[in-house]
Amino acid sequence: MKSLDIHKSEYLKQFENQTYGRNLFRTQEEERLDAPNEECGIFGMYSDHDLDTFSLSQFGLFALQHRGQEACGISVLKNGRITNMKDEGLVLDVYKEIADPETFMGNSAIGHTRYTTAGDKKKYNFQPFFAKNEYDQIILSIAHNGNLTNAKELKAELEAEGVVFRATSDSEVILRLIQKNLDLGLRGAIKATMEKIEGAYSVVGMTRNKFFAFRDFNGIRPLVLGAINENSYVVASESVALDAVGAQYVRDILPGEIIYTNENEPGKLHSIMVDEAKAKQRICSFEYIYFARPDSSLENINVYEIREKSGEKIWHQAPVEADVVIGVPDSGVPAAIGFSKASGIPFRPVLIKNRYIGRSFIVPTQEMRERVVNLKLNPIISEIKDKRVVIIDDSIVRGTTSKRLVKILKDAGVKEIHFRSVSPPIIAPCYLGIDTPSKDDLISANMTTEELRKYLGVDSLEFLSVDNLKEILGSANHCFGCFTEEYPVGKGEEVELFN
């Protein structure tokens with residue numbers, strides 16, 4: 001058997017050339033219904049001289065493709081002019097539509113890759129958003145990751161002042177507030193905006209002569225800073241995007257911090273804290289469990305190591321006698337390796353991925369949609385038939401994917417199935433930048449663990465405890481709202497943002 005270190009190396013290396021897929025048992029439709037979905041990934045770069053912003057932004061956004069697969073867009077600054085392009089589709093597909101890459105070569109760029117909530121697939125909601133002057137020139141462009149909890153109220157205030165909205169996204173509220181306050185200077189406009197908006201937000205943006213980024217006072221959504229050289233900077237949702245463009249990680253942008261450039265000092269990056277008394281470290285704990293790519297580091301914590309530790313921890317929390325441990329690709333594999341290390345039960349990469357399958361199958365019936373899953377992943381029956389198997393998954397949301405997985409294992413002749421989730425039970429929706437099902441559809445909010453075990457048809461079922469998750473993360477300074485219903489900020493109105 002291969003050593004676990006070799007399995008780890010092979011597991012991480014694959015994401016250098018192909019996109020990271022969190023749970024490959026989910027059909028495309030179930031990615032909307034049976035999984036929390038990150039709203040987006042953001043990327044930005046600035047230099048005092050021209051770069052190949054077309055290629056570098058493409059590389060950076062491709063590294064963030066797992067954070068959103070529905071739409072992609074970029075804004076590029078070249079000779080004081082901002083050019084924008086955005087469309088539906090994966091990063092590489094959208095970039096193929098750019099006929100003249102030279103148009104998108106400049107000294108600064110921002111980009112966005114988006115997960116679109118159901119019923120919201122409209123191009124005017126794709127990012128980056130931009131504002132124009134009376135000469136039809138783009139003067140401001142932003143890309144946002146997160147969710148404002150007071151967006152509806154702020155939108156109404158701005159509309160009463162005569163501001164016209166073109167989208168149905170809270171991100172445009174941020175754009176219009178900055179635009180409204182530009183007479184205060186860029187730094188003053190961002191500060192005034194941050195003092196008005198509530199919720200979770202990481203933002204990158206540009207004007208015709210400046211680059212900027214800022215993060216909410218709780219730092220709920222991630223944002224990291226890197227440097228290509230002393231005069232060229234990169235900002236992104238995850239550190240893997242820095243790696244993709246050859247930038248060195250510098251640090252995470254702090255909660256409540258604005259970083260910005262000044263046209264009088266090209267190549268120099270400035271920083272200001274808006275209100276240090278309000279700033280707290282409350283990054284989303286689910287980033288480590290599920291959202292982030294395993295080769296990322298957030299707040300100086302390596303994501304792979306957290307996932308491997310979660311597997312070790314759940315073994316100590318809920319040991320079991322078994323013959324094989326397997327993980328659901330891709331996000332469940334590190335935890336399965338950790339479980340194997342702690343328990344001595346052999347890890348087997350039994351679920352084989354088809355590396356060439358795309359997302360383009362159009363199948364009208366449920367029966368055929370089920371078959372698509374078997375095209376993505378197929379078990380090696382000889383490794384698990386008549387054996388006691390521990391299956392490690394990142395989470396259980398609605399339970400439909402987990403139930404199908406159990407059926408596939410039973411059809412393969414597994415003797416016993418012991419299910420381990422390395423997240424605590426998800427009992428509440430997220431209001432801070434993640435699209436989750438309503439509480440009525442969250443299975444752990446409506447069933448006890450024993451009821452869920454019977455529903456799934458497994459021999460045992462355990463979830464990682466919240467206390468153990470805090471121990472793995474090293475502190476309680478995270479958002480655990482989906483596990484505890486306690487959020488760092490008020491959740492706002494539980495309604496559609498803009499009807």
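**Note on the predicted model**

1. The protein chain has 18 helices and 25 strands. Helices (H or I, at least four residues) and strands (E, at least two) are DSSP runs, numbered from the N terminus. This is a predicted model: local features need pLDDT of at least 70, side-chain atom pairs count only at pLDDT 80 or more, and totals for chains, interfaces and linings use all residues. Residues are numbered from 1 along each chain as its sequence is written, and side-chain values use heavy atoms, with hydrogens and water left out.

2. How much of the protein chain is buried? Of its 499 residues, 59% are buried. Buried means under 20% relative accessible area, exposed over 50%, partly exposed in between (1.4 Å probe, protein chains only). Now the contacts (heavy atoms within 4.5 Å). Take those in the protein chain with a separation of 6 or more: residues 24 or more positions apart account for 72% of them.

3. UniProt lists Cys284, Cys430, Cys479 and Cys482 under "binding site", in an unreviewed entry. They span 199 residues in sequence, yet no two of their C-alpha atoms are more than 10.0 Å apart, so they gather at one spot. Cys284, Cys430, Cys479 and Cys482 also belong to the lining of the largest cavity. A cavity is a set of points on a 1 Å grid over the protein atoms alone where a 1.4 Å probe fits but cannot get out; lining residues have an atom within 4 Å of a point. UniProt positions are in the numbering used here, feature names are shortened, and annotations may be inferred rather than shown by experiment.

4. Cys284 sits in strand β15 (residues 283-284). Its relative accessibility is 6%, so Cys284 counts as buried. Leaving out residues up to four places away in sequence, Cys284 touches Ile220, Arg221, Ile434 and Cys479. Cys430 lies in the loop between β22 (416-421) and β23 (434-435). Cys430 counts as buried because its relative accessibility is 17%.

5. UniProt places "binding site" (unreviewed entry) at Ser331, Asp393 and Asp394. They are spread over 64 residues of sequence but cluster in space, with a largest C-alpha distance of 7.4 Å. Ser331 is in the loop between β18 (324-327) and α11. At 2% relative accessibility, Ser331 counts as buried.

6. How do helix α1 (residues 4-13) and helix α11 (residues 333-343) cross? Their axes come within 11 Å and cross at roughly 175°. That makes α1 roughly antiparallel to α11, a label for angles over 145 degrees. Axes are lines fitted to C-alpha atoms, for helices over the stretch in contact, and angles run from 0 to 180 degrees between N-to-C directions. Leu4, Asp5, His7, Lys8 and Tyr11 of α1 meet Val333, Pro334, Ile337, Ser340 and Lys341 of α11.

7. Helix α7 (residues 186-196) has buried residues Leu186, Ala189, Ile190, Ala192, Thr193 and Met194. Their cover includes α6 (170-180), β8 (199-207), β9 (211-215) and β13 (257-261).

8. Last, Gly226. Gly226 is in strand β10 (residues 224-229). With a relative accessible area of 0%, Gly226 is buried. Gly226 and Asp243 are 17 residues apart in sequence and 9.1 Å apart in space, C-alpha to C-alpha. Among the residues that Gly226 touches, not counting those up to four places away in sequence, are Tyr233, Leu242 and Tyr249.

Conventions: On a 1 Å grid over the protein atoms alone, a cavity is a set of points where a 1.4 Å probe fits but cannot get out, and a pocket is an open set with protein on both sides within 12 Å along at least five of seven lines; lining residues have an atom within 4 Å of a point. Angles under 35 degrees count as roughly parallel, over 145 as roughly antiparallel, 65 to 115 as roughly perpendicular and the rest as oblique.
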